[in-house]
Amino acid sequence: MKPRHRKLAIIVSGVSALGIAAALVLNAFESNMVFFFSPSQVAANEAPVGKSFRIGGLVEEGSIKRQSDGVTVNFVVTDTAKVIPVVYTGILPDLFKEGKGVVAQGKLSADGVFRADEVLAKHDENYMPPEAAGALEQARIQKTVMTQ
């Protein structure tokens, strides 16, 4: 093989290896990406069914129901406009309470129940994830416009 052909073969191999590496990195990034939806967006069928995403809002007053197994909890997440039922099996954070902010990650089942794999509660009175705060504010605005 001539030096010129060898050099071309090395360049083609290097570009191919970089392309494969980039494709693998982008695939891993896409499969780990989790989107956030408000209860109003989930109720409007904007959220994917069967794919993992996050839902955030407030835990509705009087909605927490513990199952007899001691680890399964049913509750409702609201943005003051719409409500979504959530089922979670596991240990809840200490700050998880009715009327407080929550973000749950999981999948929406075909029956409209959100099956959470992870539940996060806000850590103090002043903190709420920006997405959840924005969704709550937008729902309040829509509710105010509808009542006028």
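Is Asn45 buried or exposed? In this predicted model, Asn45 counts as exposed, because its relative accessibility is 68% and the exposed class begins over 50%.

## Asn45 and its loop

Asn45 belongs to the loop that lies between helix α2 (39–43) and strand β2 (52–59). Although Asn45 is not a glycine, its phi angle is positive, at about 60 degrees.

## Thr80 and its loop

A positive phi also occurs at Thr80, where the value is near 75 degrees; Thr80 is likewise a residue other than glycine. Thr80 is located in the loop between β4 (72–78) and β5 (83–89).

How is Thr80 classed by its accessibility, exposed or partly exposed? Thr80 counts as partly exposed, because its relative accessibility is 28%, and this class covers values between the buried limit of 20% and the exposed limit of 50%.

## The salt bridge

How many salt bridges does a search of the whole structure find? The search finds one. It joins Asp111 and Arg115, whose closest N and O atoms are 3.3 Å apart. The pair counts as a salt bridge because this distance is within the 4 Å cut-off.

The two partners can also be described by their accessibility. Asp111 has a relative accessible area of 53% and is therefore exposed, as the class requires a value over 50%. Arg115, at 38% relative accessibility, counts as partly exposed.

Methods
Residues numbered from 1 in each chain as written. Predicted model: local features only at pLDDT ≥ 70, side-chain atom pairs only at ≥ 80, totals over all residues. Heavy atoms only, no water. Salt bridge = Lys/Arg side-chain N within 4 Å of Asp/Glu carboxyl O. Buried < 20%, exposed > 50% of the residue type's maximum accessible area, 1.4 Å probe, protein only. Helix = DSSP H or I, 4+ residues; strand = E, 2+ residues; numbered from the N terminus.
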